[in-house]
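Thanks, everyone. Let me put the model on the screen, and then I'll walk you through it.

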Amino acid sequence: MNRDKDVLKPDICVIGAGSGGLSVAAAAAAFGVSVVLIERSRMGGECLNTGCVPSKALIAAARHAQSAREAHRFGVKFEAPQTDWHAVHAHIRQVIDGIAPHDSVERFTTLGVNVIEAEARFLDGRTVEGDGRLIRARRFVVATGSAPRIPDIPGLQDIPYLTNETLFEAPREIGHLLVLGGGAVGIEMGQAYRRLGAAVTLASRGELLSREDPELVVPIRMQLEAEGVSIHTYAEVSKAESGKGGRVRLVLTNGTRLDGTHLLVATGRRPVLENLGLEKAGVAYEPDGIHVARDLRTTNCRVYAIGDCVSGGERFTHAANAHAGLVIRSALFRLPVSIKPELLPRTVYATPEFAQIGLTEAQARSQGLALTVLRIPFTENDRARTGLETEGLVKLVAGPRGRILGVGITGPEAGEQIAFWSLALSRKLKLSDIAGTVLPYPTRAEAGKRAAVAYFAGAAKNPWLRRVLRMLRVFG
Ligand SMILES: Cc1cc2nc3c(=O)[nH]c(=O)nc-3n(C[C@H](O)[C@H](O)[C@H](O)COP(=O)(O)OP(=O)(O)OC[C@H]3O[C@@H](n4cnc5c(N)ncnc54)[C@H](O)[C@@H]3O)c2cc1C
Ligand SMILES: NC(=O)c1ccc[n+]([C@@H]2O[C@H](COP(=O)([O-])OP(=O)(O)OC[C@H]3O[C@@H](n4cnc5c(N)ncnc54)[C@H](O)[C@@H]3O)[C@@H](O)[C@H]2O)c1
């Protein structure tokens, strides 16, 4: 039996050292609060090892290949690009290795965090066990993330397939990639492999990025198809089977057969909750994740849940980080906090890039709000024209008196541009604030400002305003 003196009694015990867990641990330690952090696998979690970092490193390599292909449009000529898959893999590895020290056991130990490398599980509502150690913390934070959700397709388990967990683990020459799933992972990876020289066929049950504004998704689909990605939307797969020479095949319910050398399954996520003992802790959950209130507390008020393991939440690194910030304010400073999903930007790092914050037009309409919708296509933006990258648009959804309800951007560096609108929405700025801001010329950001200015275009024709102008002329 464990004696009480052998029990660790930190203020905070964090389970999972991914984006969310590391943020809580680092911030709590910075305030001098005692923290135990338990991680069963790799520090840095999904984002560093199998998610954002390797995928964006691959996308960067693919972008160079595509630039070489398109350079002739600017009067510059290169040989057709060739992919050295070992070197691409080495580049991805190097990027991960460069960031890893920031998330390492050594760094967190130096910060004052007690890192336990083990699987954690709740024994009861106040106690967690990891590597035979008992932890009775004042507050617990479950940040165990998510894993690929594998659809129940007959034959799928009998053929080799890749997920984001295996895609980056070794250099792999891909001849023809079948991608199952038309979400962020499927689109980003499908385009990247196509640009690196693979044939790519993408099949998805619904439309690409089905929850997003179709008007903003169309330019992405057009670009993917122009680059040679074969896209099958509204595709139901009836079975998966292996073909000759280790090939893979998906058979659709309409009889279409899709053949490839490799299959990437990118059909969404499931929360990682197995063996956690949540029932013993009185923490309620459902297949989609842990139930949380708006302050991220679970049904056990000592236990918070953050990041990808939360039910109904957005699954992004910046969402996990935002959750972490709220937990710090709530658990350490006892301040009332509330998640604000409407202030979380969503991005897809395809070409053209996609970013959205706040309400889409359809969401705003479904709430019965009086709307003004403003669009500026990048064909009307000088910076886009100089770089011959005019596909896409900025779309603003505004409410009464120029209140900004939502902004969507499809075009190069949309993820960078949405930062400006994130600030605007979080500070409750109005379109008049944006219209009155001076932006450098020529920039893509000007397209957003032009859309804001367009909101006031009607004012120039206002007869009352014109009468005032005539009167003012009287004064010289
Ligand atoms: C291919 C891909 C690309 C992505 N790109 C982006 C992007 O560009 N931008 C973006 O914002 N988001 C991106 N995401 C999403 C992002 O990776 C996740 O939203 C983010 O990593 C979630 O962080 P988290 O802390 O909730 O979970 P994770 O990072 O998954 O961390 C959870 C940790 O908990 C550990 N753990 C689980 N159970 C236990 C246990 N019982 N005991 C101890 N430890 C445990 C796991 O080992 C893991 O290390 C991408 C995802 C994928 C798959
Ligand atoms: N740029 C980024 O920030 C970024 C990049 C990659 C991933 N992520 C995050 O990672 C998470 C996972 O991304 P994802 O793309 O795997 O999931 P997702 O939920 O975004 O998309 C899943 C796709 O798979 C399709 N699908 C589901 N079941 C299917 C089936 N049986 N047959 C055919 N198609 C099927 C869906 O219609 C959908 O298009 C997302 O929540 C996303 O937020 C973010």
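I'll go from the overall fold to the ligand shell, and then to one glycine.

First, a caution: this is a predicted model. Now the overall picture. The chain has 476 residues, and a compact globule of that length would have a radius of gyration near 23 Å. The chain comes out at 25 Å, so the two agree. Along the principal axes, the C-alpha trace spans about 95 × 65 × 40 Å. Buried residues account for 43% of the chain.

Secondary structure next. We have 16 helices and 24 strands. On contacts, take pairs at least 6 apart in sequence: 66% of those join residues at least 24 apart.

One annotation to look at with care. An unreviewed UniProt entry lists residues 12-38 as "transmembrane region". In the model, that stretch is 44% helix and 30% strand. Its end C-alpha atoms lie 11 Å apart.

On to ligand 2. Its shell holds 24 residues. The closest are Pro151, Gly181, Gly183, Gly268 and Arg315. Which elements give two or more residues to this shell? They are helix 7, residues 184-195, and strand 20, residues 346-348. Helix 7 gives the most, with 4 residues. By class, the shell around ligand 2 splits into 10 nonpolar, 10 polar and 4 charged residues.

Last stop: Gly175. You'll find Gly175 in the loop between helix 6, residues 164-167, and strand 9, residues 176-180. Gly175 and Val337 are 162 residues apart in sequence, and their C-alpha atoms are 50 Å apart in space.

To recap the ligand: helix 7 is the top contributor to the shell around ligand 2, and Arg315 is one of the closest residues. That's the tour. I'll take questions.

Terms used. Residues numbered from 1 in each chain as written. Chains lettered and ligands numbered in written order. Predicted model: local features only at pLDDT ≥ 70, side-chain atom pairs only at ≥ 80, totals over all residues. Near = placed C-beta within 6 Å. Nonpolar A, V, L, I, M, F, W, Y, C, P; charged D, E, K, R; others polar. Rg over C-alpha atoms; globule rule 2.2 N^0.38 Å. Buried ≥ 20, exposed ≤ 12 C-beta atoms within 10 Å, placed from the backbone. Contact = placed C-beta atoms within 7 Å. UniProt positions renumbered as here; feature names shortened; annotations may be inferred.
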